[in-house]
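I opened my notebook to look at aromatic rings and at one helix. Here is what I looked up.

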Amino acid sequence: MPYRTPAGMNRRHFMSHLAGASALTLPAMTLTSSVKAASETLRKNHKSAILLWMGGGPPTIDIWDIKSGAPTGGPSRAMGTAGNAQISDKLPTIAKHMDKLSVIRSMSTREADHERGRYYMHTGYVPNPNILHPSYGAVVAHETEHLVPNLEIPLFVSVGGASEGPGFLGMAYAPFQVDSNGRIRNLDMRMQEQRLAQRFALLETIETQFINERRGMAAEDHAKVLAKTNSLLTSDQMKAFNVQSEPQEMKDMYGNSGFGRGCMLARRLVESGVPFVEVNMGGWDLHQNCFTSLDTKLPEMDKAMGALMEDLYQRGLLDSTVVIWMGEFGRTPRINGNSGRDHYARAWSAVVGGGPIRGGLAVGETSADGTQVESQPYSSEDLMATVCQAMGISLQTTFTSNNGRPMKIANGGQVISELFG
């Protein structure tokens with residue numbers, strides 16, 4: 001589902017306002033200074049989550065739930081790991097960190113369409129034409145912002161692609177999108193600081209007038225975005241986006257790929273206090289030539305995700321950072337005539353780790369041919385509830401949508417209990 005702003009605000013207007021306001025200061029701002037870790041107080045207080053989003057629906061039967069020898073298994077082979085779960089032998093780096101990650105093999109969901117599945121997995125709700133629900137990033141940003149009062153950069157950053165939006169929580173919790181090099185599109189700053197301040201003051205006056213005229217939530221959200229934009233453009237914390245300042249050894253560890261740089265940027269951002277970062281790795285809609293594609297995609301994923309786990313662990317960040325790997329659904333056990341797999345939401349896998357989540361587990365079980373779940377099935381709501389629990393977000397939280405309807409966090413999902421304790 002395409003990203004939409006709340007009623008009353010035009011998306012093109014918002015984006016042009018953000019780009020226009022940001023295009024008012026230093027020349028060609030590409031964020032090229034070295035990163036500094038946030039203060040110790042900030043690091044101790046905050047919790048973060050990194051969502052590794054596999055757009056297109058990855059064939060988890062070839063990645064996390066190998067069916068070696070079954071007619072549906074394809075050429076994939078299983079290998080042992082540092083945990084108790086076997087995974088694809090094309091993931092040797094991740095295998096070393098599977099004591100910190102757990103595979104949920106009994107995901108069983110209800111949306112096998114890309115847009116609907118994407119929305120459902122990001123929000124815990126099926127699409128509804130009358131309500132826009134907040135995504136993981138917006139919920140986490142909203143519920144944890146009080147823990148990072150000194151954070152001047154965005155609470156929710158999407159790297160390498162778009163995410164789902166803030167829904168009825170408002171534009172203050174919308175994803176801030178950058179490419180895998182940390183660059184912000186349309187950011188060309190050429191105005192002197194004094195003139196920039198004058199323009200922001202003028203915009204603030206206009207926004208205040210709109211708010212005083214009680215024109216709805218959109219005006220208040222717009223004012224919050226304006227204030228955030230102003231602090232964003234002048235903040236030293238923006239150095240966190242400069243992945244190019246990393247030592248060559250670190251760049252090599254993550255790999256020379258967009259996903260690799262995105263994962264490295266995610267580590268830099270959570271290190272600086274950002275509560276939620278989504279890193280996009282697309283190209284998983286493998287209706288044809290599935291296995292030759294995996295020969296390229298899995299090593300790229302393995303290098304970047306494995307480096308992220310190692311880096312978070314070595315820096316002491318894994319205890320405060322939850323990592324989620326998922327797509328919108330899995331793919332069919334049946335291999336089609338084009339050597340591909342089609343959409344399949346009935347039985348597939350997701351991966352979680354970090355924070356208080358137990359690692360090394362394979363939670364749930366599918367049949368020998370991978371066609372159905374044979375244990376307790378888990379939904380998007382259950383996965384989201386589990387992540388919220390791991391981040392200390394109360395599952396009793398209830399939001400009120402813009403039509404006055406109470407909406408329970410994670411849509412009332414149940415925590416996957418095996419992952420705790």
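Entry 1: I began with phenylalanine 156. This is a predicted model. Phenylalanine 156 has a relative accessible area of 1%. The cut-off for buried is under 20%, so phenylalanine 156 is buried. I then checked phenylalanine 276. Its relative accessibility is 0%, so phenylalanine 276 counts as buried too.

**Entry 2: ring pairs.** I looked up how many aromatic pairs the structure holds, and there are 5. A pair of rings is described by the distance of the centres and the angle of the planes. I started with tryptophan 64 and tryptophan 325. Their ring centres are 5.3 Å apart and their planes stand at 80°. Planes over 60 degrees apart count as edge-to-face, so this pair is edge-to-face.

I asked where these two residues lie. Tryptophan 64 is in the loop between β1 (48-53) and β2 (78-79), and tryptophan 325 is in strand β8 (residues 321-326). The pair therefore ties together parts that are 261 residues apart in sequence. Both tryptophan 64 and tryptophan 325 are buried.

Next I went back to phenylalanine 156 and phenylalanine 276. Their ring centres are 5.5 Å apart, and the planes are at 90°, so this pair is edge-to-face. Phenylalanine 156 belongs to strand β5 (residues 156-159), and phenylalanine 276 belongs to strand β7 (residues 276-280). The parts that this pair ties together are 120 residues apart in sequence. I also noted a cluster: ring pairs link Tyr136, Phe156 and Phe276.

**Entry 3: charges over rings.** The charged end of lysine 100 sits over the ring of tyrosine 313, 4.9 Å from the ring centre. Lysine 297 lies over the face of tryptophan 284, and there the distance to the ring centre is 4.8 Å.

**Entry 4: helix α9.** I checked the length of helix α9 (residues 258-271). At 1.5 Å a residue, its 14 residues should span 20 Å. The end C-alpha atoms are 20 Å apart, which agrees.

Is α9 mostly covered or mostly exposed? I found it mostly covered, with 12 of its 14 residues buried. Among them are Phe259, Cys263, Met264, Leu265 and Arg267. After α9 comes glycine 273, with a positive phi near 110°.

**Entry 5: α9 and its partner.** I compared α9 with helix α10 (residues 290-314). Their axes come within 8 Å and cross at roughly 15°. Angles under 35 degrees count as roughly parallel, so α9 and α10 are roughly parallel to each other. I noted the crossing of α9 past α10 as right-handed.

Terms used. Residues numbered from 1 in each chain as written. Predicted model: local features only at pLDDT ≥ 70, side-chain atom pairs only at ≥ 80, totals over all residues. Heavy atoms only, no water. Phe/Tyr/Trp six-rings, centres within 6.5 Å; stacked < 30°, edge-to-face > 60°. Helix = DSSP H or I, 4+ residues; strand = E, 2+ residues; numbered from the N terminus. Buried < 20%, exposed > 50% of the residue type's maximum accessible area, 1.4 Å probe, protein only. Lys NZ or Arg CZ within 6 Å of the ring centre and 35° of its normal. Expected span 1.5 Å × (residues − 1). Axes fitted to C-alpha atoms, helices over the stretch in contact; angles between N-to-C directions. Parallel < 35°, antiparallel > 145°, perpendicular 65-115°, else oblique. Left-handed = near helix turned anticlockwise from the far one by under 90°.
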